[in-house]
Amino acid sequence: MLITKELNEIVGIAREEAMRTGCGAIESDHLILGMLRHADNDGCRLLLEKGVDLSDMKGCVESEYFRGAQVPYVEFENIVPSKGAQYTMNLAMLEATKRGEKAAGPRDLLLAVCKGPKSAAKTYLNALGVRLSDSRPAVQPMTPSPKVINIVVNRSKIYS
């Protein structure tokens with residue numbers, strides 16, 4: 001399965017978010033922080049349609065992960081997706097497949113986080129009463145086809 005170029009950029013931003021919050025691995029919530037920081041994507045637009053304050057969500061998710069000291073840049077290559085983040089990406093690809101898409105994008109990532117295991121983003125959205133699983137049928141496939149890239153998950157590292 002493929003991911004869009006946009007989602008690949010979000011994964012890169014998620015790595016920076018993990019380092020910024022002092023974590024040694026990318027978690028599902030770092031993927032959400034990456035999506036929020038990217039901002040111009042269909043995942044953020046879906047949240048805005050549901051009335052979610054993106055800044056407030058970002059603050060709540062960050063508060064769960066901030067460790068006080070950033071991971072030094074020399075550790076950049078060692079910051080890889082956790083098993084939970086890999087599971088979330090697999091769920092995102094499944095969401096895209098269910099919609100008939102050739103590649104998973106930010107919307108699929110958001111839906112995957114909401115369907116996946118416990119996370120700060122999921123807890124935040126649940127507390128607001130926001131349910132995104134029922135949003136999938138109303139979402140139409142993107143046109144034109146998004147730019148896609150192949151990814152290979154090998155020993156917890158994502159290579160593009």
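Contact here means heavy atoms within 4.5 Å. The model is predicted: local features need pLDDT of at least 70, side-chain atom pairs count only at pLDDT 80 or more, and totals for chains, interfaces and linings use all residues. Residues are numbered from 1 along each chain as its sequence is written, and side-chain values use heavy atoms, with hydrogens and water left out.

**View A. Helix α6 (residues 106-115) packs against helix α7 (residues 120-128).** Helices are DSSP runs (H or I, at least four residues), numbered from the N terminus. L110, V113, C114 and K115 of α6 meet A121, K122 and L125 of α7.

**View B. Helix α5 covers residues 83-98.** Buried residues (under 20% relative accessible area, 1.4 Å probe, protein chains only; exposed is over 50%, partly exposed in between) in α5 include A85, M89 and L91. G100 follows α5 and has a positive phi, near 80°.

**View C. R37 forms salt bridges with E16 and E17.** A salt bridge puts a side-chain nitrogen of Lys or Arg within 4 Å of a carboxyl oxygen of Asp or Glu. The closest N and O atoms of R37 and E16 are 2.3 Å apart. This pair links helix α2 (residues 28-38) to helix α1 (residues 5-20), 21 residues apart. For E17 and R37, the N to O distance is 2.8 Å. E17 is buried at 2% relative accessibility, whereas R37 is partly exposed at 39%.

**View D. R99 and E101 meet in a salt bridge.** Their N to O distance is 3.5 Å. R99 and E101 are buried.

Key. Axes fitted to C-alpha atoms, helices over the stretch in contact; angles between N-to-C directions. Helix = DSSP H or I, 4+ residues; strand = E, 2+ residues; numbered from the N terminus. Expected span 1.5 Å × (residues − 1).
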